[in-house]
Amino acid sequence: MAPKPTPKKKRPAASKKTAQKHSNPSPSGGETHQTVADGGDGSSLTTQQGVVISDDQNTLTVGDRGPQLLEDFVLREKLFHFDHERIPERVVHARGYGAKGTFECYDALTDITMASLFAATGKKTDVFVRFSTVAGNKGSADLARDVRGFAVKFYTDAGNWDLVGNNIPVFFIQDAMKFPDLVHAAKPEPHCGFPQAQTAHDNFWDFVSLMPESTHMLMWIMSDRAIPRSFRFMEGFGVHTFRLVDEGGASTYVKFHWKPMGGVQSVTWNEAVKINGADPDFHRRDLWNSIDSGDFPEWELGVQMFDDDFADSFDFDVLDSSKLIPEEQIPVTPIGKMTLNQNVDNFFTETEQVAFCTANVVPGIDFTNDPLLQGRNFSYLDTQLKRLGSPNFTHIPVNAPRCPVMHFQQDGHMSTQAPEFGRANYEPNSWGSEGGPREDPERGYRSFAAAESGDKRRVRAESFADHYSQARQFYDSQTDVERNHIVDAFVFELSKVETVAVQERMLAGLRNVSDDLAQRVADGLGLALPDAADAARPTRTDLEPSPALSMLADPLESFAGRKIGVLVAEGTDPKVLAALRKAAKNEGALMALVAPKKHGVMDSAGSELEIAEKIDGGPSVVFDAIAVVLNDEQAERLALDAVAKDFVSDAHAHCKFVAYTGSSTPLFDAVGVTDFDDGYHDLGTKSAAATFVRACRQVRHWERQPAVDQT
């Protein structure tokens with residue numbers, strides 16, 4: 001007899017609690033819920049695994065006030081990723097800002113180099129540029145006195161070329177062996193952790209006073225070159241001597257220069273200190289706003305090219321990174337133009353993750369035996385591995401070449417690109433058309449066949465031993481205003497040094513540059529001038545001044561790209577503002593209104609003015625020139641306002657050009673400016689605004705700066 005089938009059990013009815021339809025989250029605790037039904041881009045929020053999230057405000061708990069559950073994978077993933085968001089910051093150049101653009105070659109250079117980006121007139125190459133300070137951390141302020149990094153990644157059709165330079169053409173040290181010591185000395189002192197982004201402390205000056213090779217770089221760092229007005233208005237230099245190599249294997253020495261099309265401009269130290277307080281992101285904001293508004297920054301790439309005969313006859317060693325070649329001896333030849341026309345899409349993925357390396361060169365560009373360059377070539381790969389966590393950092397889009405990439409390197413952390421050639425992961429192999437890439441003797445990179453010989457030993461070349469002559473040449477090449485600023489900078493920095501012996505040793509070294517400089521710094525410190533330090537080579541006094549080393553010796557020809565801050569208040573004359581705005585626009589300059597309040601400021605015609613900054617958030621230090629357009633009543637009122645008085649007194653002290661209406665004079669009277677010099681322009685005439693803006697092309701009215709008693 002067949003067994004009876006087992007009867008099926010009925011599925012239990014779902015409880016009312018589990019059968020309920022899930023509805024939009026209810027803000028029972030008053031929290032804000034933005035659901036997909038409320039707007040946004042229409043997409044649903046998900047985890048990294050793609051699971052849609054129903055509630056991104058509350059943790060999964062037992063009851064309303066009960067314990068949290070470990071099964072809450074949404075919370076776990078969110079906190080896990082947050083806890084690992086930060087990667088190690090760069091040891092140097094930590095604070096930086098990037099932008100994208102193009103480089104266009106002026107004329108084909110095939111007779112000099114096989115580098116493909118210089119192969120044809122008008123050829124364009126995409127670039128990524130990162131500007132940076134060196135000593136400070138990521139959170140430091142933009143206007144520190146410091147060398148600025150000027151690194152350019154060219155995405156050429158023959159691979160990536162990184163021109164990793166600075167805004168100063170020389171460096172502190174001659175051999176990479178001393179780089180860790182230099183950086184340790186410049187960074188915050190280890191026992192106390194300060195000062196941040198400053199060299200004004202004992203460790204730094206102790207180190208450089210014992211390193212006479214640093215003297216030339218110190219002259220540049222103490223000049224206004226170290227406090228640029230904008231990334232847009234600073235030069236860039238490749239620092240080292242490189243080689244250009246043609247198809248036949250012939251070599252030409254080259255030094256690379258970036259020349260800003262908008263001219264070179266810096267701020268004064270007093271301005272820098274105040275800008276850091278008013279807007280620590282001043283340089284970042286300036287670059288972003290310029291590109292965002294369509295005022296694209298441009299630089300010409302220039303080269304100094306020379307042969308072995310010049311190198312052998314030059315007064316100094318061309319492999320010494322603490323030396324430069326004056327432009328009067330070898331002029332800079334423009335070979336192309338770089339335009340930055342796109343801001344980054346995401347700061348972290350591009351600016352923070354971009355990886356530069358001096359060893360990234362393309363066929364046609366080669367190295368020399370500059371010992372600092374050789375050390376940088378060795379070091380930078382380690383840097384990228386430490387920061388980015390994997391040898392696969394070239395898989396990150398900002399670092400990825402934009403030409404075919406074929407190799408047998410494999411695996412490693414975060415590998416995102418699978419090989420395209422099946423079983424072959426080595427060569428030579430026997431797999432024919434499936435065997436992957438092969439070496440290419442015709443198109444492949446070939447190093448210049450330099451003949452080398454000598455004993456293996458640790459030694460510094462005698463040709464590197466003159467540490468003071470070019471430092472003297474730099475000082476002699478500056479205008480009186482620039483020399484005054486160099487003296488002031490040395491006095492300020494050394495006044496922060498607590499060890500008198502270090503101050504005296506630095507003064508002894510400066511005597512080998514200029515007795516005038518050393519004496520003025522000693523007077524500023526209140527110290528007696530010591531004897532000159534012993535020098536490995538006597539300082540040459542026959543080097544001619546080089547006007548190219550001075551920023552002020554080559555005056556600006558345009559005020560384009562600069563900004564005028566106009567102080568206004570209730571009842572300001574709109575006709576004067578219209579004239580100023582028209583003159584600024586014709587010059588390619590910007591104009592921003594500053595007022596005691598952000599909203600509700602009406603002009604004399606009853607129209608509301610668009611205020612860019614409340615006066616305490618828009619001091620005159622963040623503008624290149626100012627205008628004061630007030631009626632009698634408001635001028636009298638603001639004459640009692642400390643912030644308004646700072647606006648005009650700072651502009652006066654910083655030698656800026658100032659425009660004003662006659663009714664505004666009570667504000668100037670309140671700060672003791674009663675005798676207007678030629679840098680002041682009365683807006684009372686029809687053409688006054690245009691005349692004022694034309695005068696602003698000089699940027700500063702340096703004649704206002706008090707004369708320095710040098711007796």
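Ser223 counts as buried, at 4% relative accessibility (buried being under 20% relative accessible area, with a 1.4 Å probe and protein chains only). The model is a predicted one, with local features needing pLDDT of at least 70 and side-chain atom pairs counted only at pLDDT 80 or more, while totals for chains, interfaces and linings use all residues. Numbering starts from 1 along each chain as its sequence is written, and side-chain values use heavy atoms, with hydrogens and water left out.

Ser223 sits in the loop between H5 and strand S5 (236-237); helices (H or I, at least four residues) and strands (E, at least two) are DSSP runs, numbered from the N terminus. Leaving aside neighbours within four places in sequence, Ser223 touches Arg145, Phe474 and Ile486, contact meaning heavy atoms within 4.5 Å.

Phe474 and Ile486 also turn up where H11 meets H12. Helix H11 (residues 469-476) packs on helix H12 (residues 480-495) at about 125 degrees, with the axes 9 Å apart. Axes here are lines fitted to C-alpha atoms, for helices over the stretch in contact, and angles run from 0 to 180 degrees between N-to-C directions. H11 is therefore oblique to H12, that being the label for whatever is left once angles under 35 degrees (roughly parallel), over 145 (roughly antiparallel) and 65 to 115 (roughly perpendicular) are taken out. H11 brings Phe474, Tyr475 and Asp476 to the contact, and H12 brings Arg483, Ile486 and Val487.

Helix H4 (residues 202-209) is mostly covered, with six of its eight residues buried, among them Phe204 and Trp205.

Technical notes:
Buried < 20%, exposed > 50% of the residue type's maximum accessible area, 1.4 Å probe, protein only.
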